[in-house]
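Let's walk through this one together, one feature at a time. Have a look at the structure first, and then we'll start asking.

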Amino acid sequence: GINAEYMGEVTKLVLSCQNADGGFGGFTGHDSSLLYTLSAVQILMLCGTLDRLDAERVIGFVCSLQQPDGSFSGDKWGEVDTRFSYCALSCLTLLKASDRADIEAAVGFVLKCQNWDGGFGVSPGAESHAGQIFCCVGALAIAGALDRIDRDTLAWWLCERQTALGGLNGRPEKLADVCYSWWVLSSLALLRRPDWIDGQALGGFISQCEDKEDGGFSDKPGNTADVFHTFFALGGLSLLRAGGHLGESKGNELAGLRPIDPAFALPVDVLEAHGVSCREACAP
């Protein structure tokens with residue numbers, strides 16, 4: 001595991017990124033954003049140092065960004081996107097302060113972003129995209145509102161993202177990318193339809209993207225590994241293993257991979273340790 005000294009250094013860095021408005025930037029001195037604010041909360045939870053966070057200031061920052069239509073802007077510059085709806089609801093729930101925002105209005109805005117094909121976009125009328133679908137499905141799950149969408153139509157759109165190589169893409173006619181192993185599979189898990197794709201084929205695609213010599217995973221087979229795709233590869237494999245979709249041999253090989261929550265993208269045991277639960281039963 002990671003030693004306490006390293007966890008302490010990470011905590012110190014994260015806390016140095018909090019600004020006077022209560023939010024966090026991507027690095028010390030950078031402008032606050034909901035994206036980095038959620039990341040800060042998640043990292044402190046993983047480090048076991050959430051008690052060092054001035055949570056009230058964070059809650060105030062998040063709530064200040066909710067708009068009259070229920071949406072959230074990502075920062076003081078005002079851009080609205082369903083990513084920010086997810087970040088806000090996730091952050092507030094992790095801090096046990098979801099009652100501080102207008103949840104019904106937030107849910108109403110997300111529902112307006114669902115398209116005729118079942119998918120969701122960045123805003124009402126925008127193109128369906130797997131990454132945005134995770135944000136919307138995750139937000140609705142956290143708010144306990146998944147019963148207000150047509151799960152089957154959405155799940156069908158998601159299962160059509162599987163390509164001949166076994167991997168998943170984010171939109172029709174695009175190449176498979178390891179990151180969608182998380183965006184798509186976590187959404188299907190929340191919709192209770194993870195078996196609508198070929199899990200073994202997806203596991204095979206993810207394995208092809210692993211750098212067997214230096215470690216890590218890339219976006220596509222043969223490309224250079226990076227932290228971003230490594231996280232999503234491991235998240236996808238964790239969900240596949242939890243659902244029994246990898247086969248006995250591969251499942252045993254990954255026995256040390258901790259179960260991950262498909263809504264919060266955090267290890268289940270970390271959420272349990274902090275007493276956090278999703279309004280939907282999110283654990284796979």
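Predicted model: local features only at pLDDT ≥ 70, side-chain atom pairs only at ≥ 80, totals over all residues.

Q: Which residue does R57 meet in a salt bridge?

A: A salt bridge is a side-chain nitrogen of Lys or Arg within 4 Å of a carboxyl oxygen of Asp or Glu. Here the side chain of R57 meets that of D54, at 4.0 Å from N to O. D54 is partly exposed too, with a relative accessible area of 35%.

Q: How many salt bridges turn up in the whole structure?

A: A search finds 11. One of them joins the side chains of D219 and K220, at 3.5 Å from N to O. D219 is buried, at 17% relative accessible area, whereas K220 is partly exposed, at 23%. There's also a network of salt bridges that links E79, D81 and R83.

Q: And what about R258, which residue is its salt-bridge partner?

A: That's D269, with 3.0 Å from N to O between the side chains. R258 sits in the loop between α11 (248–253) and α12 (268–273), and D269 is in helix α12, so the pair ties together parts that are 11 residues apart in sequence. For those labels, helices (H or I, at least four residues) and strands (E, at least two) are DSSP runs, numbered from the N terminus. R258 is partly exposed at 45% relative accessibility, and D269 is partly exposed at 38%.

Q: Where is N19 found?

A: Look in the loop between α1 (4–15) and α2 (34–47). N19 counts as buried, with 19% relative accessibility.

Q: Which residues does N19 contact, leaving aside its neighbours within four places in sequence?

A: Contact means heavy atoms within 4.5 Å. By that rule N19 touches F24, G25, H30, D31, S32 and R57. With S32 there's a polar contact between the two side chains, at 2.8 Å. A polar contact is a pair of N or O atoms within 3.5 Å; within protein, one must be able to donate a hydrogen and the other to accept it, and residues adjacent in sequence count only if both atoms are side-chain atoms.

Q: At what angle do helices α4 and α5 pack?

A: Two packed helices are described by the angle between their axes and the distance between the axes. Axes are lines fitted to C-alpha atoms, for helices over the stretch in contact, and angles run from 0 to 180 degrees between N-to-C directions. Helix α4 (residues 82–94) and helix α5 (residues 103–112) pack at about 150°, with axes 10 Å apart. That makes α4 roughly antiparallel to α5. Angles under 35 degrees count as roughly parallel, over 145 as roughly antiparallel, 65 to 115 as roughly perpendicular and the rest as oblique.

Q: Which residues make the contact between α4 and α5?

A: T82, S85 and L89 come from α4, while I103, A106, F109 and V110 come from α5.

Notes. Residues numbered from 1 in each chain as written. Heavy atoms only, no water. Buried < 20%, exposed > 50% of the residue type's maximum accessible area, 1.4 Å probe, protein only.
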